[in-house]
Amino acid sequence: MTFTNVLISFYNFEMRLPNSTHLDPTRRKGRGAASNAVSRFDPYTREGVDDGWEIDEDLPPLRTEISEERPRRVITRNSSPDIGFDRSINPYRGCEHGCIYCFARPTHAYLGHSPGLDFETRLVARPTAPEALARELRAASYRPATLALGTNTDPYQPIEKDYRIMRRILEVLRDFRHPVGIVTKGTLIERDIDILAQMAGQGLAAVGISVTTLDPDLSRRMEPRVPAPARRLRTITRLAEAGIPVKVMASPMIPALSDHELEGILQAGRDAGAVSASTITLRLPREVSPLFQDWLAEHYPGRAAHVMARMRELHGGRDYDPEWGTRMTGKGPFAALLQHRFKIAIARLGLSHRLPPLRTDLFRPPPQPGDQLSLF
């Protein structure tokens, strides 16, 4: 794979946060993380120090940098027993939405970047992903099953407006009549309703919209570049009106901070047009835990100890337990109560736990120039 830098900030390296320190809030306005600790694979730690010149400097805000990756293959396989899909595509690496709780942050370490501010500001776009996908779908050995998009980083984050990678992926899937499931917080999905409605009419598309809270202030603090909750609910309505099955995803629920909103989120999603619902409890793998705890200390210092006590109660005294089957719910009385509340709420609201299965029997590679024509 080759990487081509297509957008570098004017200030380049000098504007990058010295690792292991916290950036001044005025420089990270609109960002979720407060720090940029080095990748766990980096043998060195860097720290900013006073140079002794005693000169006041107005440093610029942290800007977004985008590089490009040209992959040969884009379908990622998994065999996790507690995930309802076995293949997915990520049009982008990193996510400008900046959700402080994002469980995908540690994946940025594999690129040599920090799961902190680098995850939000050093993004990788994959503009040739649609062409690579088409090649994989044409392989004689390929067997169709629902392709999941948005399972790691959001395919409708702000840079999609210019790159349009997601739309071209949908065009490929439509032409191949291949089933697709999408998870997003981005209202830019409304741009692609024309394709999704056509696919949904054939039983080939479903969408999950993540609504973490109904409180716009909490949302702006913990997911700074995500559309407001009310705006996401309007997206559910627009998708539903177009005949696209929509799931409202009350995820993640944060103990002692947002879990009291579970029933309200499900009600609002149902009223907006969702026909299904799901919920996942906050997960804090690897670098996400210290980043999240820094965020709590800055924004909700009075609740920080309570939130983390609940999190450790859910995971056997640890910040996070990756055990399959319970990693997304936790264990113990609080976890059981949250799941019980969820089941009661969806039964009362008439929401299904799962969307109807998508069709795979329609899959057929479209003809290419030079192909032999069918006799039928």
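Guide: Welcome! The model is predicted, so local features need pLDDT of at least 70, side-chain atom pairs count only at pLDDT 80 or more, and totals for chains, interfaces and linings use all residues. Residues are numbered from 1 along each chain as its sequence is written, and side-chain values use heavy atoms, with hydrogens and water left out.

Visitor: Why is α8 called roughly parallel to α11?

Guide: Helix α8 (residues 262-272) and helix α11 (residues 333-349) pack at an angle of about 25 degrees, with axes 10 Å apart. Angles under 35 degrees count as roughly parallel, over 145 as roughly antiparallel, 65 to 115 as roughly perpendicular and the rest as oblique. The angle is therefore in the roughly parallel class.

Visitor: Which residues of α8 and α11 make the contact?

Guide: With contact meaning heavy atoms within 4.5 Å, α8 contributes Leu 262, Glu 263, Leu 266, Gln 267 and Arg 270. From α11 come Leu 338, Arg 341, Phe 342, Ala 345, Ile 346, Arg 348 and Leu 349. By class, that contact has seven nonpolar, one polar and four charged residues. Here Ala, Val, Leu, Ile, Met, Phe, Trp, Tyr, Cys and Pro count as nonpolar, Asp, Glu, Lys and Arg as charged, and the others, Gly among them, as polar.

Visitor: What puts the buried residues on the same side of α10?

Guide: The buried residues of helix α10 (residues 304-314) are Ala 304, Val 307, Met 308, Met 311 and Leu 314. They cover an arc of only 115 degrees around the axis, so they lie on the same side of α10. The arc is that of the directions from the helix axis to the C-beta atoms. These buried residues pack against β11 (276-281), α9 (288-299) and α11.

Visitor: Why is Arg 164 called partly exposed, and why is Arg 286 called exposed?

Guide: Buried means under 20% relative accessible area, exposed over 50%, and partly exposed in between (1.4 Å probe, protein chains only). Arg 164 has 38%, so it is partly exposed; Arg 286 has 57%, so it is exposed.

Visitor: Where are Arg 164 and Arg 286 found?

Guide: Arg 164 is in the loop between α3 (160-163) and α4 (165-176), and has a positive phi of about 60 degrees although it is not a glycine. Arg 286 is in the loop between β11 and α9, with phi near 45 degrees, a positive value in a residue other than glycine.

Technical notes: Axes are lines fitted to C-alpha atoms, for helices over the stretch in contact, and angles run from 0 to 180 degrees between N-to-C directions. Helices (H or I, at least four residues) and strands (E, at least two) are DSSP runs, numbered from the N terminus.
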